[in-house]
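Please look through the sequence and the model before reading on, and keep both at hand while you follow the report.

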Amino acid sequence: MFNINMFYAVLCFISGHVFGWYAHNLQFVNEFWKDRVLLPILLFGIPCLLSFFYGTKFAMAAVPELWTARFMAAIFSYVAFPIMTWYYLGESIFTFKTMACISLSFCILLIQIFAK
C-alpha cells in the first residue's frame, strides 16, 4: 500500500500546494505582487498543475482509486498551507479549530489508505 509511488504522490501534492500558495497569496506578502495577476499564475500555476497531475498519477499507481488520490491531494494542503501562512503572514496554526481540522483530515487520509 505505502510504496515508492505513494511517497512520490505525497511529494507532488505537497509541492503542488506550495506552488498554489505562492500563486494565490504572494499578493498579501509583498507589494510587488499586489497588482501583478498574470506573473504569479505563469510562474507558479504551471508547476502547480504539473505537480497535481503527477501526484494523481503516482497515487493511482499506488492505490488505484481516484477518491484516495483526491483526498490525499486535499489533505496534504494541511501540510503546506499552515506552515507557509504562519511563516509569511504570522497566522498561527495552533488554534483549536485549525488543529482539529488538521487531525480530522489525517484521519480521513488514513481511512482512505488503509480501509478496505
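How many helices and how many strands does the protein have? The protein has six helices and zero strands, where helices (H or I, at least four residues) and strands (E, at least two) are DSSP runs numbered from the N terminus. This is a predicted model, in which local features need pLDDT of at least 70, side-chain atom pairs count only at pLDDT 80 or more, and totals for chains, interfaces and linings use all residues. Residues are numbered from 1 along each chain as its sequence is written, and side-chain values use heavy atoms, with hydrogens and water left out.

Helix α1 covers residues 4-29, and its buried residues, among them Met-6, Phe-13 and Trp-21, pack against the helices tabulated here. Buried means under 20% relative accessible area, with a 1.4 Å probe and protein chains only.

| Helix packed against by α1 | Residues |
|---|---|
| α2 | 31-34 |
| α3 | 38-62 |
| α4 | 66-75 |
| α5 | 77-89 |
| α6 | 96-114 |

The 26 residues of α1 should span 38 Å at 1.5 Å a residue, and the end C-alpha atoms are 35 Å apart, which agrees; the expected span is 1.5 Å times one less than the number of residues. Helix α1 also bends by about 45 degrees at Ala-23, the bend being the angle between axes fitted to the seven residues ending there and the seven starting there.

Thr-68, which has its place in helix α4, is buried because its relative accessible area is 1%. Leaving aside neighbours within four places in sequence, Thr-68 is in contact (heavy atoms within 4.5 Å) with Val-63, Gln-112 and Ile-113.

Conventions: Buried means under 20% relative accessible area, exposed over 50%, partly exposed in between (1.4 Å probe, protein chains only).
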